[in-house]
Protein chains: 2
Amino acid sequence: MLQQIITTFRPYLDQVDRYIEGKLSTDIPLLDSVERHVMASNGKRIRPVLHLLSCLVCGEVTQANIIVAAISEFIHTATLLHDDVIDNSTTRRGKPTVNNLWGNELSVMVGDYFYTLSINSLIEAGNIEVLRIFSGATQAMTEGEIIQRENMGNTQLAFDEYLDIIRRKTAVLFSACCRSAAVIAGYDQDEANRWGTFGENLGIAFQLIDDLLDYTGSQVSTGKQQFTDLNECKLTMPLLHAIARANSEEVAEIRTILQNPVKSDADMAAVLRYVSRSGGIDATRELAATYCRNAVANLVTFSESPHYQLIGILANYILQRSR
Amino acid sequence: MLQQIITTFRPYLDQVDRYIEGKLSTDIPLLDSVERHVMASNGKRIRPVLHLLSCLVCGEVTQANIIVAAISEFIHTATLLHDDVIDNSTTRRGKPTVNNLWGNELSVMVGDYFYTLSINSLIEAGNIEVLRIFSGATQAMTEGEIIQRENMGNTQLAFDEYLDIIRRKTAVLFSACCRSAAVIAGYDQDEANRWGTFGENLGIAFQLIDDLLDYTGSQVSTGKQQFTDLNECKLTMPLLHAIARANSEEVAEIRTILQNPVKSDADMAAVLRYVSRSGGIDATRELAATYCRNAVANLVTFSESPHYQLIGILANYILQRSR
């Protein structure tokens, strides 16, 4: 992540890491091993950073914020563990996945453990409104995954429905990270909504770039296999853009490729050609940029904050990231 | 379940079913289909009954109790959905499992959905202490599953550790059902603990009988395949009892059978012979009876309640059940 963000947040992230470390020592050796493998895999920590940034702009970072920052990473980790089972992924962040090393069972169980740990940590933190925000977010995330699954291989997926999927599966947690900061800082419902909308827009942009990187990123830079979405028959913006501009023969070809249980390199290349030719890559990046601009515009009332500029820097990072 | 219990609880269970039905109508058709399949599969509803029984003995059944009864079934259902993935089960309660019909992915996702639904329903119900009880229980249940996995095929599993596993994976939820009834009824910490201990003892008895039925029950009566635990290399009381009484040669044979990736009918018969000869079946049933007696003894202070006798009837049912 960008140097200025890292420098600003390092002391807080160290506190978050210490809190996480404290939660990862159980009386169950197998659980500890799996947890440490997952948490040591050097994630971007974008959700904790987003919460901490929101706190700083709203006022200050308190001990309650450190806990919330940590549990945002726990919830994210839980979904990764279950996603890797769902998608049969073998690598994540350049390292073998838990299901690859220990089997699907452990990935399901430890994902469950991270979920329950999140809820219990939030109960411990004692702010029922914050608990409600994150608990609602986890439900929406699960719904997003199920709707996505329902639409696997559906070349007629409406663009609005696609946006609804990425809103639920990714943006609601970003939204929760920001809204909870405003709630803890004591802001009223209107301001909390503003922060929630900021996070939601940023989250949609984040997922759009994620979906883009699945087409344009290499495994070396992203740590994930390229064309994972395509292999899993997930239709995301780059391809939806291409389908909307393809003639019926071309759509039929795309559909045939999607239906192939094993997709060849030639299949991938063909789809990438449709995407590129339609301008799907640029359109996705542009839409992400629009969501980022809208996100930042929501917070113009906070422009007096000494940390306000960090918002733009983070939004920029989300747009430019290559992993 | 026994006629007297059914008659007493039918009106309340109808309310529970209506609450559940209301929660199962989402805007996601695929989710609704899976949920209905799971909830229609005619489970024993033992956890809701246990909560309602505790409420009646403590005083009365309120709307908050109906919600808690329903979420105890949601949490249980979530664990079944994930267990079926973990154990690769194909049938449950005599019907195909979700992972069998829709794949592991859906079983993981809908399990997650039931978890988040439980927490959100409890937040909605608004009693933070009850939320803490059930949220703590779900964490313990996950821990129990992981410890069980850690000890797969471990013929040296200590008996205390086995009891700890079944306490976490089963008894804490039974305990939560009873303790929460006392908390909602306004009893103090001591009385709540008494109810918690009652539920825990009953839960251990319930799981002991479950582990017994895996050896003695037929698929027709239990709705599950026989010898599932053995196939999954889970060492439960009947076999632990046999191992403790076997000589080193016999233990070596049992270990060899456990290590067979595919266990033949002859393997199963050999293990069942060791179990029967050692008295493992009777010993398991006797221990369950002891736990039931201890459970009931905890509540002797409530013997004036007009519903007190139902406690003994339920405890008896748990001991005698064949599915």
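Helices (H or I, at least four residues) and strands (E, at least two) are taken here as DSSP runs, numbered from the N terminus. The structure is a predicted model, in which local features need pLDDT of at least 70 and side-chain atom pairs count only at pLDDT 80 or more, while totals for chains, interfaces and linings use all residues. Residues are numbered from 1 along each chain as its sequence is written, chains are lettered from A and ligands numbered from 1 in the order in which they are written, and side-chain values use heavy atoms, with hydrogens and water left out.

**First stop: Ala176(A)**

Select helix α8 of chain A, residues 159-184, and find Ala176(A) within this helix. Ala176(A) has a relative accessible area of 3% and is therefore buried (under 20% relative accessible area; exposed is over 50%, partly exposed in between, with a 1.4 Å probe and protein chains only). Next, display the residues around Ala176(A): beyond its neighbours within four places in sequence, Ala176(A) is in contact with Ile133(A), Phe134(A) and Ala137(A), contact meaning heavy atoms within 4.5 Å.

**Second stop: the interface**

Now show both chains. Chain A and chain B each give 36 residues to the contact. Between them they bury about 3400 Å², with 68% of it on carbon and sulfur atoms; buried area is the accessible area (1.4 Å probe) that two parts lose on being put together, summed over both. On the chain A side, select Met109(A), Ile123(A) and Ile146(A), which lose the most area to chain B and together make up 18% of what that side buries.

Turn next to Asp27(A) and Arg168(B), which form a salt bridge with the closest N and O atoms 3.0 Å apart. Four salt bridges are counted between chain A and chain B, each a side-chain nitrogen of Lys or Arg within 4 Å of a carboxyl oxygen of Asp or Glu.

Colour the helices of chain A that touch chain B: α2 (29-39), α4 (63-86), α6 (104-125) and α7 (128-150) are the elements giving two or more residues to this side. Of these, α7(A) supplies the largest share, 14 residues.

The same surface serves both copies, as 100% of the contact residues of chain A recur in chain B.
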